[in-house]
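Here is a quick tour for anyone opening this model for the first time. Have a look at the structure, then read on.

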Amino acid sequence: MMDVVRLFDCEDQDITHYFYFYGGRTYVNCIEHAGEIRDYRFECATHDDVEFKRYARRSAKLAVYELLSRATGKSFPYGALTGIRPTKLAYAEQAAGRDFRQLFAAMHVDGANIEFVGRVMEEQAPFYRRKGGQDLFVSLPFCPTKCRYCSFITAPISATAQYVESYISCLEREIASLKPLLSDVRSVYIGGGTPFVLEPRELARIYAAISALSLPDCEYTVEAGRPDTFTEEKLKLSKDSGVNRICVNPQTFSDATLQKIGRRHTAAQTFAAYEMADRLGFDINVDLIAGLEGESVWDFGRSLKCAADLAPANITVHTLSLKAGAKLKEETRRLHIDGIGEMISLSRRELDAAGYRPYYIYRQKYQAGGHENCGWAKPGKACAYNIDVMEEISDNIAVGANAISKRVYGDGSRIERFASPKDLPTYMAKCDKLIAGRLALFGGED
(Lines give C-alpha, C1' and ligand atoms only; values in the text may rest on other atoms or scores of the structure.)
Protein backbone atom coordinates (compact mmCIF):
# COMPACT_ATOMS: atom_id res chain seq x y z
CA MET A 1 0.00 0.00 0.00
CA MET A 2 2.83 2.39 0.82
CA ASP A 3 4.34 1.71 -2.60
CA VAL A 4 1.14 3.10 -4.13
CA VAL A 5 1.12 6.08 -1.76
CA ARG A 6 4.72 6.86 -2.77
CA LEU A 7 3.77 6.54 -6.42
CA PHE A 8 1.37 9.44 -5.98
CA ASP A 9 3.82 11.37 -3.76
CA CYS A 10 1.25 11.44 -0.93
CA GLU A 11 3.30 10.29 2.08
CA ASP A 12 2.52 13.52 3.92
CA GLN A 13 -1.26 13.00 3.73
CA ASP A 14 -3.48 11.34 6.35
CA ILE A 15 -4.91 8.10 5.01
CA THR A 16 -6.73 5.62 7.24
CA HIS A 17 -7.44 2.12 5.97
CA TYR A 18 -9.84 -0.52 7.31
CA PHE A 19 -10.15 -3.99 5.84
CA TYR A 20 -12.62 -6.83 6.23
CA PHE A 21 -13.48 -10.03 4.40
CA TYR A 22 -16.65 -12.11 4.27
CA GLY A 23 -18.43 -14.82 2.37
CA GLY A 24 -15.24 -16.50 1.22
CA ARG A 25 -14.90 -14.09 -1.71
CA THR A 26 -15.62 -10.46 -0.80
CA TYR A 27 -12.73 -8.14 0.10
CA VAL A 28 -13.73 -4.73 1.44
CA ASN A 29 -11.30 -1.83 1.86
CA CYS A 30 -12.68 1.22 3.66
CA ILE A 31 -10.43 4.28 3.27
CA GLU A 32 -10.68 7.68 4.92
CA HIS A 33 -8.86 10.50 3.12
CA ALA A 34 -9.33 14.27 3.01
CA GLY A 35 -12.45 14.09 5.18
CA GLU A 36 -14.15 11.53 2.97
CA ILE A 37 -14.74 7.81 3.54
CA ARG A 38 -15.12 5.43 0.61
CA ASP A 39 -15.62 1.66 0.37
CA TYR A 40 -13.95 -0.45 -2.31
CA ARG A 41 -15.29 -3.98 -2.77
CA PHE A 42 -13.59 -6.72 -4.74
CA GLU A 43 -14.98 -10.16 -5.50
CA CYS A 44 -12.62 -13.10 -5.82
CA ALA A 45 -13.08 -16.71 -4.70
CA THR A 46 -10.52 -17.71 -2.06
CA HIS A 47 -9.53 -21.30 -1.33
CA ASP A 48 -6.63 -21.13 1.14
CA ASP A 49 -4.57 -18.80 3.33
CA VAL A 50 -1.98 -18.15 0.63
CA GLU A 51 -4.64 -16.98 -1.81
CA PHE A 52 -6.32 -14.91 0.88
CA LYS A 53 -3.13 -13.01 1.64
CA ARG A 54 -2.39 -12.47 -2.03
CA TYR A 55 -5.84 -11.15 -2.85
CA ALA A 56 -6.04 -9.07 0.33
CA ARG A 57 -2.82 -7.26 -0.59
CA ARG A 58 -3.92 -6.87 -4.18
CA SER A 59 -7.33 -5.46 -3.24
CA ALA A 60 -5.78 -3.01 -0.76
CA LYS A 61 -3.28 -1.72 -3.32
CA LEU A 62 -5.99 -1.32 -5.91
CA ALA A 63 -8.27 0.50 -3.47
CA VAL A 64 -5.55 2.99 -2.54
CA TYR A 65 -4.66 3.47 -6.20
CA GLU A 66 -8.26 4.20 -7.19
CA LEU A 67 -8.69 6.58 -4.27
CA LEU A 68 -5.53 8.58 -4.97
CA SER A 69 -6.04 8.55 -8.73
CA ARG A 70 -9.47 10.07 -8.21
CA ALA A 71 -8.16 12.61 -5.67
CA THR A 72 -5.13 13.74 -7.70
CA GLY A 73 -6.35 13.24 -11.26
CA LYS A 74 -3.21 11.22 -11.99
CA SER A 75 -2.77 7.77 -13.49
CA PHE A 76 0.31 5.69 -14.17
CA PRO A 77 1.28 3.37 -17.02
CA TYR A 78 1.29 0.23 -14.87
CA GLY A 79 -1.62 1.28 -12.68
CA ALA A 80 -1.65 -0.35 -9.25
CA LEU A 81 1.06 -2.86 -10.16
CA THR A 82 4.11 -1.99 -8.06
CA GLY A 83 6.22 -5.16 -8.32
CA ILE A 84 9.45 -5.21 -10.28
CA ARG A 85 8.40 -8.16 -12.47
CA PRO A 86 5.05 -7.60 -14.19
CA THR A 87 5.68 -10.62 -16.40
CA LYS A 88 5.88 -12.95 -13.39
CA LEU A 89 2.37 -11.94 -12.37
CA ALA A 90 1.21 -12.50 -15.93
CA TYR A 91 2.77 -15.98 -15.98
CA ALA A 92 1.12 -16.82 -12.65
CA GLU A 93 -2.28 -15.89 -14.10
CA GLN A 94 -1.63 -18.06 -17.14
CA ALA A 95 -0.60 -20.99 -14.93
CA ALA A 96 -3.93 -20.63 -13.10
CA GLY A 97 -5.78 -20.84 -16.42
CA ARG A 98 -6.69 -17.18 -16.56
CA ASP A 99 -5.98 -14.43 -19.08
CA PHE A 100 -3.53 -12.02 -17.45
CA ARG A 101 -4.97 -9.21 -19.54
CA GLN A 102 -8.15 -9.21 -17.48
CA LEU A 103 -6.27 -8.82 -14.21
CA PHE A 104 -3.97 -6.14 -15.63
CA ALA A 105 -6.94 -4.17 -16.93
CA ALA A 106 -8.61 -4.43 -13.52
CA MET A 107 -5.39 -3.09 -11.97
CA HIS A 108 -5.57 -0.08 -14.34
CA VAL A 109 -2.53 -1.01 -16.43
CA ASP A 110 -2.92 0.94 -19.66
CA GLY A 111 -3.77 -0.99 -22.80
CA ALA A 112 -0.47 -0.34 -24.54
CA ASN A 113 1.47 -1.81 -21.62
CA ILE A 114 -0.81 -4.85 -21.38
CA GLU A 115 -0.02 -5.67 -24.99
CA PHE A 116 3.65 -4.83 -24.45
CA VAL A 117 3.88 -7.37 -21.62
CA GLY A 118 2.28 -9.90 -23.96
CA ARG A 119 4.93 -9.22 -26.59
CA VAL A 120 7.72 -9.73 -24.06
CA MET A 121 6.22 -13.06 -23.04
CA GLU A 122 6.11 -14.19 -26.66
CA GLU A 123 9.84 -13.47 -27.00
CA GLN A 124 10.56 -15.37 -23.79
CA ALA A 125 8.64 -18.48 -24.82
CA PRO A 126 11.69 -20.44 -26.13
CA PHE A 127 13.53 -19.79 -22.85
CA TYR A 128 10.58 -20.94 -20.76
CA ARG A 129 10.37 -24.16 -22.74
CA ARG A 130 13.86 -25.07 -21.55
CA LYS A 131 13.76 -23.45 -18.10
CA GLY A 132 16.01 -24.89 -15.43
CA GLY A 133 19.78 -25.17 -15.45
CA GLN A 134 22.21 -22.66 -14.04
CA ASP A 135 23.63 -19.20 -14.69
CA LEU A 136 26.99 -18.10 -13.29
CA PHE A 137 27.47 -14.49 -12.15
CA VAL A 138 30.84 -12.98 -11.21
CA SER A 139 30.77 -9.61 -9.43
CA LEU A 140 33.52 -7.09 -10.17
CA PRO A 141 32.46 -3.94 -8.27
CA PHE A 142 35.06 -1.55 -9.63
CA CYS A 143 34.46 1.54 -11.79
CA PRO A 144 36.43 4.56 -13.04
CA THR A 145 33.98 6.91 -11.26
CA LYS A 146 30.57 6.59 -9.62
CA CYS A 147 27.65 7.95 -11.64
CA ARG A 148 25.17 10.22 -9.86
CA TYR A 149 22.27 7.79 -10.34
CA CYS A 150 24.20 4.62 -9.40
CA SER A 151 23.30 2.61 -6.30
CA PHE A 152 25.76 -0.24 -6.82
CA ILE A 153 28.47 -0.81 -4.22
CA THR A 154 31.05 0.33 -6.73
CA ALA A 155 33.45 3.11 -5.83
CA PRO A 156 36.04 4.85 -8.00
CA ILE A 157 38.94 2.52 -8.69
CA SER A 158 41.24 5.16 -7.23
CA ALA A 159 39.66 4.46 -3.83
CA THR A 160 39.49 0.66 -4.12
CA ALA A 161 42.69 -0.22 -6.02
CA GLN A 162 44.27 -1.47 -2.78
CA TYR A 163 41.73 -4.32 -2.66
CA VAL A 164 41.91 -5.53 -6.25
CA GLU A 165 44.62 -8.19 -5.90
CA SER A 166 43.14 -9.72 -2.74
CA TYR A 167 39.64 -9.51 -4.17
CA ILE A 168 40.63 -11.43 -7.30
CA SER A 169 42.32 -14.07 -5.13
CA CYS A 170 39.03 -14.57 -3.28
CA LEU A 171 37.14 -14.77 -6.58
CA GLU A 172 39.55 -17.43 -7.83
CA ARG A 173 38.88 -19.51 -4.71
CA GLU A 174 35.12 -19.03 -4.96
CA ILE A 175 35.02 -19.90 -8.66
CA ALA A 176 37.15 -23.03 -8.14
CA SER A 177 34.76 -24.18 -5.40
CA LEU A 178 31.85 -24.22 -7.87
CA LYS A 179 33.10 -27.08 -10.02
CA PRO A 180 31.12 -29.84 -8.23
CA LEU A 181 27.94 -27.73 -8.38
CA LEU A 182 27.87 -26.98 -12.10
CA SER A 183 26.04 -29.41 -14.35
CA ASP A 184 23.89 -27.43 -16.81
CA VAL A 185 25.28 -23.92 -17.24
CA ARG A 186 23.19 -21.74 -19.59
CA SER A 187 25.19 -18.53 -19.33
CA VAL A 188 28.09 -16.72 -17.68
CA TYR A 189 27.88 -13.02 -16.80
CA ILE A 190 30.66 -10.82 -15.42
CA GLY A 191 29.39 -7.47 -14.16
CA GLY A 192 28.56 -5.51 -11.04
CA GLY A 193 30.64 -2.54 -12.08
CA THR A 194 32.99 -1.90 -15.00
CA PRO A 195 35.09 -5.07 -15.45
CA PHE A 196 37.28 -3.43 -18.08
CA VAL A 197 38.57 -0.95 -15.51
CA LEU A 198 40.87 -3.78 -14.39
CA GLU A 199 44.24 -4.37 -16.01
CA PRO A 200 44.56 -7.13 -18.62
CA ARG A 201 46.59 -9.34 -16.27
CA GLU A 202 43.84 -9.02 -13.65
CA LEU A 203 41.09 -9.88 -16.12
CA ALA A 204 43.19 -12.82 -17.34
CA ARG A 205 43.18 -14.35 -13.84
CA ILE A 206 39.38 -14.24 -13.69
CA TYR A 207 38.99 -15.63 -17.19
CA ALA A 208 41.44 -18.44 -16.36
CA ALA A 209 39.49 -19.37 -13.23
CA ILE A 210 36.28 -19.62 -15.25
CA SER A 211 38.01 -21.59 -18.03
CA ALA A 212 39.20 -24.11 -15.44
CA LEU A 213 35.56 -25.02 -14.79
CA SER A 214 35.44 -26.60 -18.28
CA LEU A 215 31.98 -25.22 -19.00
CA PRO A 216 30.13 -26.10 -22.20
CA ASP A 217 29.81 -23.51 -24.94
CA CYS A 218 27.23 -21.01 -23.75
CA GLU A 219 26.36 -17.33 -23.71
CA TYR A 220 29.30 -15.55 -22.03
CA THR A 221 28.84 -11.86 -21.27
CA VAL A 222 31.19 -9.23 -19.90
CA GLU A 223 29.53 -5.97 -18.96
CA ALA A 224 32.67 -4.16 -20.03
CA GLY A 225 30.90 -0.88 -19.42
CA ARG A 226 32.52 2.50 -19.80
CA PRO A 227 33.87 3.16 -23.29
CA ASP A 228 36.97 4.87 -21.89
CA THR A 229 38.14 1.56 -20.38
CA PHE A 230 38.15 -0.35 -23.69
CA THR A 231 41.42 -1.42 -25.29
CA GLU A 232 42.21 -3.79 -28.11
CA GLU A 233 44.23 -5.89 -25.67
CA LYS A 234 41.30 -6.38 -23.25
CA LEU A 235 38.88 -7.18 -26.05
CA LYS A 236 41.27 -9.68 -27.67
CA LEU A 237 41.90 -11.31 -24.29
CA SER A 238 38.14 -11.59 -23.74
CA LYS A 239 37.55 -13.10 -27.16
CA ASP A 240 40.34 -15.63 -26.71
CA SER A 241 38.86 -16.56 -23.31
CA GLY A 242 35.48 -17.46 -24.80
CA VAL A 243 33.53 -14.25 -24.16
CA ASN A 244 30.96 -13.77 -26.92
CA ARG A 245 28.87 -10.88 -25.63
CA ILE A 246 30.09 -7.41 -24.61
CA CYS A 247 28.18 -4.49 -23.09
CA VAL A 248 29.09 -0.98 -24.23
CA ASN A 249 27.20 1.31 -21.86
CA PRO A 250 27.25 4.98 -22.88
CA GLN A 251 23.82 5.80 -21.28
CA THR A 252 23.69 8.85 -23.55
CA PHE A 253 25.49 10.19 -26.62
CA SER A 254 25.51 13.74 -25.26
CA ASP A 255 28.91 14.89 -24.01
CA ALA A 256 27.30 17.59 -21.87
CA THR A 257 25.07 15.04 -20.11
CA LEU A 258 27.95 12.64 -19.62
CA GLN A 259 29.78 15.33 -17.67
CA LYS A 260 26.70 16.05 -15.55
CA ILE A 261 26.21 12.43 -14.50
CA GLY A 262 29.85 11.93 -13.54
CA ARG A 263 31.30 10.14 -16.53
CA ARG A 264 34.67 10.98 -18.01
CA HIS A 265 34.21 9.57 -21.48
CA THR A 266 32.78 11.13 -24.63
CA ALA A 267 30.39 10.00 -27.33
CA ALA A 268 33.37 9.68 -29.67
CA GLN A 269 34.91 7.15 -27.30
CA THR A 270 31.64 5.18 -27.34
CA PHE A 271 31.78 4.92 -31.12
CA ALA A 272 35.46 3.89 -30.95
CA ALA A 273 34.79 1.22 -28.28
CA TYR A 274 31.87 -0.14 -30.27
CA GLU A 275 33.94 -0.37 -33.44
CA MET A 276 36.71 -2.26 -31.62
CA ALA A 277 34.26 -4.79 -30.17
CA ASP A 278 32.37 -5.14 -33.45
CA ARG A 279 35.55 -5.93 -35.39
CA LEU A 280 36.14 -8.93 -33.15
CA GLY A 281 32.65 -10.30 -33.75
CA PHE A 282 31.07 -9.88 -30.32
CA ASP A 283 27.33 -9.62 -29.86
CA ILE A 284 27.04 -6.12 -28.39
CA ASN A 285 24.56 -4.57 -25.98
CA VAL A 286 24.22 -0.78 -25.75
CA ASP A 287 22.61 0.76 -22.66
CA LEU A 288 20.67 4.04 -22.67
CA ILE A 289 18.83 5.90 -19.90
CA ALA A 290 15.68 7.92 -20.54
CA GLY A 291 15.26 10.95 -18.30
CA LEU A 292 18.86 11.90 -17.57
CA GLU A 293 19.42 15.32 -16.05
CA GLY A 294 18.53 18.15 -18.37
CA GLU A 295 17.78 15.98 -21.39
CA SER A 296 14.73 16.66 -23.54
CA VAL A 297 12.77 14.23 -25.66
CA TRP A 298 14.86 15.42 -28.60
CA ASP A 299 18.12 14.72 -26.73
CA PHE A 300 17.01 11.21 -25.84
CA GLY A 301 15.77 10.61 -29.38
CA ARG A 302 19.19 11.58 -30.72
CA SER A 303 20.91 9.05 -28.43
CA LEU A 304 18.36 6.43 -29.45
CA LYS A 305 19.11 7.05 -33.12
CA CYS A 306 22.87 6.86 -32.51
CA ALA A 307 22.45 3.50 -30.79
CA ALA A 308 20.08 2.08 -33.41
CA ASP A 309 22.33 3.22 -36.27
CA LEU A 310 25.14 1.11 -34.78
CA ALA A 311 22.77 -1.91 -35.06
CA PRO A 312 23.96 -3.83 -31.96
CA ALA A 313 22.45 -7.18 -31.05
CA ASN A 314 20.75 -5.65 -28.00
CA ILE A 315 19.71 -2.18 -26.86
CA THR A 316 18.56 -1.74 -23.27
CA VAL A 317 16.46 1.31 -22.44
CA HIS A 318 16.36 2.19 -18.76
CA THR A 319 14.07 4.78 -17.19
CA LEU A 320 15.89 6.93 -14.65
CA SER A 321 15.05 6.00 -11.08
CA LEU A 322 16.05 7.16 -7.61
CA LYS A 323 17.98 4.41 -5.86
CA ALA A 324 19.11 4.11 -2.26
CA GLY A 325 22.80 4.92 -2.02
CA ALA A 326 22.86 7.04 -5.17
CA LYS A 327 23.98 10.65 -4.95
CA LEU A 328 20.98 11.68 -7.04
CA LYS A 329 18.58 10.25 -4.44
CA GLU A 330 20.31 12.18 -1.66
CA GLU A 331 19.65 15.41 -3.56
CA THR A 332 16.23 14.71 -5.08
CA ARG A 333 13.06 13.60 -3.32
CA ARG A 334 11.05 12.80 -6.45
CA LEU A 335 11.69 12.59 -10.16
CA HIS A 336 9.41 14.85 -12.21
CA ILE A 337 10.76 14.64 -15.75
CA ASP A 338 9.00 16.43 -18.57
CA GLY A 339 8.41 14.16 -21.53
CA ILE A 340 9.43 10.89 -19.89
CA GLY A 341 6.36 9.12 -21.28
CA GLU A 342 7.17 10.45 -24.75
CA MET A 343 10.72 9.13 -24.43
CA ILE A 344 9.53 5.61 -23.64
CA SER A 345 6.92 5.71 -26.42
CA LEU A 346 9.58 6.97 -28.83
CA SER A 347 11.94 4.14 -27.88
CA ARG A 348 9.23 1.57 -28.59
CA ARG A 349 8.37 3.05 -31.99
CA GLU A 350 11.96 3.54 -33.13
CA LEU A 351 13.28 0.18 -31.94
CA ASP A 352 10.30 -1.63 -33.41
CA ALA A 353 10.98 0.08 -36.73
CA ALA A 354 14.67 -0.85 -36.52
CA GLY A 355 13.84 -4.56 -36.17
CA TYR A 356 14.25 -5.01 -32.41
CA ARG A 357 11.90 -6.98 -30.19
CA PRO A 358 11.27 -6.42 -26.46
CA TYR A 359 12.42 -9.51 -24.56
CA TYR A 360 12.58 -8.61 -20.88
CA ILE A 361 11.27 -5.86 -18.63
CA TYR A 362 11.59 -4.91 -15.01
CA ARG A 363 10.57 -1.97 -12.89
CA GLN A 364 12.02 -0.11 -9.90
CA LYS A 365 10.70 2.03 -7.10
CA TYR A 366 10.91 5.79 -7.57
CA GLN A 367 11.15 5.31 -11.34
CA ALA A 368 10.37 8.40 -13.39
CA GLY A 369 6.73 8.38 -14.50
CA GLY A 370 6.15 4.83 -13.24
CA HIS A 371 7.64 3.34 -16.42
CA GLU A 372 9.99 0.38 -16.92
CA ASN A 373 13.40 -0.80 -18.04
CA CYS A 374 13.32 -2.87 -21.20
CA GLY A 375 15.79 -4.98 -23.11
CA TRP A 376 15.38 -5.06 -26.89
CA ALA A 377 17.04 -7.62 -29.14
CA LYS A 378 17.46 -8.45 -32.78
CA PRO A 379 15.74 -11.76 -33.68
CA GLY A 380 17.66 -14.64 -32.12
CA LYS A 381 19.85 -12.34 -30.01
CA ALA A 382 17.95 -12.14 -26.71
CA CYS A 383 20.25 -12.39 -23.66
CA ALA A 384 19.50 -15.64 -21.83
CA TYR A 385 21.06 -14.39 -18.60
CA ASN A 386 18.77 -11.37 -18.43
CA ILE A 387 15.65 -13.50 -18.94
CA ASP A 388 16.74 -16.22 -16.51
CA VAL A 389 17.58 -13.80 -13.72
CA MET A 390 14.60 -11.51 -14.13
CA GLU A 391 12.03 -14.30 -14.50
CA GLU A 392 13.78 -16.54 -11.94
CA ILE A 393 13.53 -19.67 -14.08
CA SER A 394 17.00 -21.07 -13.41
CA ASP A 395 19.50 -21.26 -10.55
CA ASN A 396 21.79 -18.27 -10.29
CA ILE A 397 25.16 -19.14 -8.79
CA ALA A 398 26.84 -15.85 -7.92
CA VAL A 399 30.28 -15.06 -6.53
CA GLY A 400 31.92 -11.86 -5.35
CA ALA A 401 30.92 -8.95 -3.14
CA ASN A 402 27.18 -8.13 -3.11
CA ALA A 403 26.47 -11.23 -5.20
CA ILE A 404 23.14 -12.93 -4.48
CA SER A 405 22.82 -16.58 -5.39
CA LYS A 406 19.35 -18.03 -5.94
CA ARG A 407 18.30 -21.66 -5.99
CA VAL A 408 14.98 -22.24 -7.73
CA TYR A 409 13.05 -25.30 -6.59
CA GLY A 410 10.50 -27.19 -8.65
CA ASP A 411 8.13 -24.91 -10.52
CA GLY A 412 9.69 -21.77 -9.05
CA SER A 413 7.24 -21.40 -6.18
CA ARG A 414 10.15 -21.72 -3.75
CA ILE A 415 13.40 -19.76 -4.11
CA GLU A 416 16.23 -19.69 -1.56
CA ARG A 417 18.81 -16.91 -1.60
CA PHE A 418 22.38 -16.63 -0.37
CA ALA A 419 23.92 -13.15 -0.25
CA SER A 420 27.53 -12.05 0.03
CA PRO A 421 28.53 -8.92 2.00
CA LYS A 422 28.61 -5.63 0.12
CA ASP A 423 31.69 -4.26 1.86
CA LEU A 424 34.89 -5.43 0.15
CA PRO A 425 37.00 -6.09 3.29
CA THR A 426 34.09 -7.92 4.95
CA TYR A 427 33.54 -10.02 1.84
CA MET A 428 37.20 -11.01 1.67
CA ALA A 429 37.33 -11.84 5.40
CA LYS A 430 34.33 -14.15 5.04
CA CYS A 431 35.39 -15.87 1.83
CA ASP A 432 35.67 -19.35 3.39
CA LYS A 433 32.25 -19.07 5.07
CA LEU A 434 30.71 -17.91 1.80
CA ILE A 435 32.12 -20.91 -0.05
CA ALA A 436 30.74 -23.27 2.59
CA GLY A 437 27.33 -21.60 2.62
CA ARG A 438 26.98 -21.72 -1.15
CA LEU A 439 28.01 -25.37 -1.26
CA ALA A 440 25.37 -26.12 1.37
CA LEU A 441 22.66 -24.32 -0.62
CA PHE A 442 23.37 -25.88 -4.01
CA GLY A 443 24.76 -29.20 -2.87
CA GLY A 444 21.65 -30.27 -0.94
CA GLU A 445 18.64 -32.23 -2.14
CA ASP A 446 15.85 -30.63 -4.15
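## A look around the model

Leaving aside residues up to four places away in sequence, Asp388 touches Asp135, Arg186, Ile393 and Ser394, where contact means heavy atoms within 4.5 Å. Keep in mind that this is a predicted model, in which local features need pLDDT of at least 70, side-chain atom pairs count only at pLDDT 80 or more, and totals for chains, interfaces and linings use all residues. Residues are numbered from 1 along each chain as its sequence is written, and side-chain values use heavy atoms, with hydrogens and water left out.

Asp388 has its place in helix α15 (residues 384–391). Helices (H or I, at least four residues) and strands (E, at least two) are DSSP runs, numbered from the N terminus. With a relative accessible area of 1%, Asp388 is buried; the cut-offs are under 20% for buried, over 50% for exposed and in between for partly exposed (1.4 Å probe, protein chains only).

**Two positive phi values**

Glu392 sits in the loop between α15 and β14 (395–399). Its phi is near 55°, a positive value in a residue other than glycine. Is Glu392 buried or exposed? At 8% relative accessibility, Glu392 counts as buried.

Ser214 also isn't a glycine, and has a positive phi of about 55°. You'll find Ser214 in the loop between α8 and β8 (219–225), and at 58% relative accessibility it counts as exposed.

**A pair of helices**

Two packed helices are described by the angle between their axes and the distance between the axes. Take helix α7 (residues 164–177) and helix α8 (residues 200–211): their axes come within 9 Å and cross at roughly 10°. The axes are lines fitted to C-alpha atoms, for helices over the stretch in contact, and angles run from 0 to 180 degrees between N-to-C directions. So α7 and α8 are roughly parallel to each other; that label goes to angles under 35 degrees, with over 145 counted as roughly antiparallel, 65 to 115 as roughly perpendicular and the rest as oblique.

On the α7 side, the contact is made by Val164, Glu165, Ile168, Ser169, Leu171, Glu172 and Ile175, and on the α8 side by Arg201, Glu202, Arg205, Ile206, Ala209 and Ile210.

**Empty spaces**

Rolling a probe the size of a water molecule over the atoms shows where empty space is left. On a 1 Å grid over the protein atoms alone, a cavity is a set of points where a 1.4 Å probe fits but cannot get out, while a pocket is an open set with protein on both sides within 12 Å along at least five of seven lines; lining residues have an atom within 4 Å of a point. Grid points are joined across faces, edges and corners, and a volume is the space filled by probe spheres set on the points.

| Space | Volume |
|---|---|
| Second largest pocket | about 1,500 Å³ |
| Largest cavity | about 40 Å³ |

The second largest pocket is lined by 48 residues, and the closest to its centre are Lys88, Leu89, Ala92, Gly412 and Ser413. Helix α2 gives the largest share of that lining, eight residues.

How many cavities of 30 Å³ or more does a search of the whole structure find? The search finds one. The largest cavity is lined by Phe116, Val317, Ile344, Ser347, Arg348, Glu372, Cys374 and Trp376. Here α14 gives the largest share, three residues.
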